[in-house]
Amino acid sequence: MRTGIFPNEWKNARVTPVYKNSGKRNDPSNYRPISVISVVAKVFERIIYDQLYDYLLNNNDLLSTHQSGFRAVHSTVTTLLEATDSWALNIDRGLINVVVFLDLKKAFDTVDHEILLLKLRSYGVRWGALHLFRSYLEHGTQICLIDCSKSTPKVLKCGVPQGTILGPLLFLLYMNDLPQCLDFSHPRMYADSTSITYAGKDVKEIYDFLNKDLKSINTWLSANKLTLNLTKTEFLVITSRQKRIYLSDNPSLIIDNSPIEQVYSTKSLTH
C-alpha cells in the first residue's frame, strides 16, 4: 500500500455471466458479469475498502444520503419501505406521485477510469493513495468461463468489476454526485438502480419539473460517459382513485429526445 502498487497478478479475473432473471436468456444484456478474483487479492481489497469506507462515511460523511447500495444497515427492503412510505404520505396529502425509473446500460462496465480518479481526488484521496487506485484500475484482465470453455484474456480499459470487494464502493463514488444535478425531484439510488420522484397537485407542473430534471440527468450521464437503456426506462403514476380523474390528458416525459413509456406496474430493486 505504501508503494501505491496493486500487483497485476491480482487483477486477473475470471468472469461468469449470471442471468438477471428477466428478459430473454439468449440476450447477452440480460446477464450480469460476476468477477472471481484470487483470495489474496480479496484480502488486500478488504483492507483498502475498510479504510476508504471509514474515510468517506464515518469520518467525513461524503457518501450521498440518497444512495442505499452496498451500505451497512441498508438493503433493498429498507429502500422500498422508505419509498412506499413517502408515496403513501404524499397521497394522504392529496398529491400525485410521478416516479421515473431509470435503467442504466452496463453501468458498472462503462465507468471511465480517468473520471473516477478525478472524483476520488475531489473527495480528498491524494498522493500515494490515488496512485494505488490508479494501479488498481489499470491493466486489469479478464477471461470468460462458460461450461468449462474459457475465452482468451482481454484487458479492461473501463469499468469496475462486479463481484469484487472494492469495485462496488468505487461505483458508488462514481454515481455520488448525480443528485446534485436535480433541482426539483427526489432521487433514490441503490447502486445503479435509480429513480426520481416528484409529487404535486398540478399535473402539468409535475411533468414540466420532471422534464427539466430529466434534461439535467441526460447532461450528467453524457459528461460521465454513461448511457440509459431507453427501452427499460419507464415512469409510473401513483395516486388515489379520486385524483385519477385529473390524469386523462397526461403530458409526456422525454429524455434525450425520446419519450419515456408510462407503465401501470413495474419491478423495482429485484434480483
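The model is a predicted one, in which local features need pLDDT of at least 70 and side-chain atom pairs count only at pLDDT 80 or more, while totals for chains, interfaces and linings use all residues. Residues are numbered from 1 along each chain as its sequence is written, and side-chain values use heavy atoms, with hydrogens and water left out.

Helices (DSSP runs of H or I, at least four residues) and strands (runs of E, at least two) are numbered from the N terminus. An open sheet is formed by five strands in the order 7-8-3-9-12, with mixed pairing; two strands pair if DSSP finds at least two bridges between them. Strand 7 (186-190) and strand 12 (261-263) each have a single partner strand, so one side of each is left without a neighbour in the sheet. From one strand to the next the twist averages 25 degrees. Five bridges join strand 7 to strand 8 (residues 193-200) in the antiparallel sense, and Tyr190 stands opposite Ser193 in strand 8.

Two helices lie across strands of this sheet. Axes are lines fitted to C-alpha atoms, for helices over the stretch in contact (heavy atoms within 4.5 Å), and angles run from 0 to 180 degrees between N-to-C directions. Helix 2 (residues 76-92) lies across strand 3 (96-103), strand 7, strand 8 and strand 9 (234-238), and runs at about 160 degrees to strand 7. Helix 6 (residues 203-223) lies across strand 3, strand 8 and strand 9, and its direction makes an angle of about 20 degrees with strand 3.

Burial was assigned from relative accessible area (buried under 20%, exposed over 50%, partly exposed in between; 1.4 Å probe, protein chains only). In helix 4 (127-137), the buried residues are Leu130, Leu132, Phe133, Ser135, Tyr136 and Leu137. These pack against helix 1 (39-59), helix 3 and helix 5 (167-175). The loop between helix 3 (113-122) and helix 4 contains Val125, which counts as buried because its relative accessibility is 7%. With neighbours within four places in sequence left aside, Val125 is in contact with Leu52, Leu120, Leu130 and Phe133. A separation of 20 Å is found between the C-alpha atoms of Val125 and Arg71, which are 54 residues apart along the chain.

A cavity is a set of points on a 1 Å grid over the protein atoms alone where a 1.4 Å probe fits but cannot get out. Grid points are joined across faces, edges and corners, and a volume is the space filled by probe spheres set on the points. One cavity of 30 Å³ or more is counted, and the largest cavity has a volume of about 160 Å³. Its lining (residues with an atom within 4 Å of a point) comprises 15 residues, of which Lys11, Tyr136, Gly140, Leu156 and Pro161 lie nearest the centre. The lining divides into eight nonpolar, five polar and two charged residues, where Ala, Val, Leu, Ile, Met, Phe, Trp, Tyr, Cys and Pro count as nonpolar, Asp, Glu, Lys and Arg as charged, and the others, Gly among them, as polar.

Most residues other than glycine have a negative phi. Asp147, not a glycine, has a positive phi of about 50 degrees; Asp147 lies in the loop between strand 4 (141-146) and strand 5 (149-150) and is exposed, with a relative accessible area of 72%. Asn257, also not a glycine, has a positive phi of about 65 degrees. The loop between strand 10 (254-255) and strand 11 (258-259) holds Asn257, which counts as exposed at 75% relative accessibility.

Conventions:
1 Å grid on protein atoms, 1.4 Å probe; cavity = no way out; pocket = protein on both sides within 12 Å on 5 of 7 lines; lining within 4 Å.
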